[in-house]
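Thanks for coming, everyone. Please look at the structure on the screen, and I will walk you through a few spots.

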Amino acid sequence: MEKDSTTECSNPDSASSTTQASAKTPSTAEKPLLSAEKTSSDYYFESYSHFGIHEEMLKDAHRTGTYRDSILQNKHLFQGKVVLDVGCGTGILSMFAVQAGAAKVYAVDSSDIIDFARSIIEENGLSEKIELIKGKVEEIDLPVEKVDILISEWMGYCLLYENMLETVLVARDRWLDKTTGIMLPDWASLYIVGIEDFEYRASKIDFWDNVYGFKMSCLKREALAEPLVDVCDAEQTMTSSACVCELDLLSITKEDLAFTSQYEITAERDDTIHALVAFFDTDFSFGQKRSGNPLKTRSRISRDDPTQPRQYRLTTSPWTKPTHWKQTVFYLPNPCDLKQGEIMQGTFALKPNDKNPREMDIDIVFRHTRRLSDDTDETLSSQTVPYKLR
Ligand SMILES: C[S@@+](CC[C@H](N)C(=O)[O-])C[C@H]1O[C@@H](n2cnc3c(N)ncnc32)[C@H](O)[C@@H]1O
């Protein structure tokens, strides 16, 4: 791991706990909120009000560039269409959509950043085409019954942190045309891979074994249970990778956002596995061209067609330049020596936390296995950890 770039998974909900009146609703404007009365939702939207978080996202060139290319290089999809931008932030995706020929864009955001988006859209002469609506997607009305295209950048750490995808599904079910509507992106996949990480694990986890001569095992357990958001080097990866979740955004439901998957990864060299690293891809396959020709609206290239490279894929894999999502690292309680060809298998179960659904509970079973024959495995060790992505 790159020691200097550690981001202990920062939870937008806990970004600020100052006592202040919120101007969002009349009731809170009348009565200043005590910090204890603020909901996690208040903290969440406050975290998106400052320009700093948007600066980081806009400067993530792979993120913003993939959205820009998938929109601007597919003007045939946008020409004359009505677009909904779910969580518009600074309005960047809405402005790309107008550049691509959209007739009208409805841009929704509940955080105060939308007040800046209004100035930005005015400054760029786009106010006639982009209508801004301040409020939660779940609570607002649109002036139209249907939209042709839904665009949104909803991904969080480990893909589903923040649970904003649920909001996108609400918008899809309420407004996206059921027969001709398209989404950008339209697919998302979550993967895991094993890494060697002796040094960094020692400084983050084993550190608690001896702090000025004292044992602090309770904090070691806490440190283990909290996945780290950090950049992992490609050379650290030592196993094959496995997909633990694949989401077709046009058809999934809220229930699909909690899942349990079986996984199996194979050691590609003799080495110690210290952690599983999670990363994700999102695909914009409506814009994908087959043999250079744009696909007809609403036809998509099959996910299983290896002859068709993904033209518009946003990836956070360790084998490409890091994005602001980095990767998410789950340390094993006991690092495990694997011989080349040996297997780590088990289950990866993810669900939104019951109390705060923007946070994630992730249970991982790690089973170190030797394959004796096609149908016989020998389990060499097994460990289970309930992780909390907070
Ligand atoms: C990751 S940012 C993306 C901003 C912008 N689309 C971009 O690409 O730069 C997500 C935005 O969605 C907004 N958001 C999240 N959940 C929302 C909801 N339920 N209703 C309205 N806005 C929401 C947040 O306030 C935030 O500004």
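Which residue is the bridge partner of leucine 276 in E15? It is phenylalanine 330. Keep in mind that this is a predicted model.

Let me stay with that pairing. Strand E15 covers residues 327-338. E15 also pairs with strand E8, residues 228-230. Those two run antiparallel as well, with three bridges. Look at leucine 228 there: opposite stands valine 329 in E15.

Now the backbone. Most residues other than glycine have a negative phi, and most peptide bonds are trans.

Start with the peptide bond from leucine 184 to proline 185. That bond is cis, with omega near -5 degrees. Proline 185 sits in the loop between strand E6 (182-184) and strand E7 (187-195).

Next, asparagine 163. Its phi is positive, about 55 degrees, and it is not a glycine. Find it in the loop between strand E5 (149-152) and helix H8 (164-175). Is asparagine 163 partly exposed or exposed? Partly exposed, because 19 other C-beta atoms lie within 10 Å, and buried would take 20 or more.

Last, tyrosine 212. Here phi is near 50 degrees, again positive in a residue other than glycine. Tyrosine 212 lies in the loop between helix H9 (198-204) and helix H10 (217-225).

Definitions and conventions: Residues are numbered from 1 along each chain as its sequence is written. This is a predicted model: local features need pLDDT of at least 70, side-chain atom pairs count only at pLDDT 80 or more; totals for chains, interfaces and linings use all residues. Helices (H or I, at least four residues) and strands (E, at least two) are DSSP runs, numbered from the N terminus. A residue is buried if 20 or more other C-beta atoms lie within 10 Å of its own, exposed if 12 or fewer, and partly exposed in between; C-beta atoms are placed from the backbone. Two strands pair if DSSP finds at least two bridges between them.
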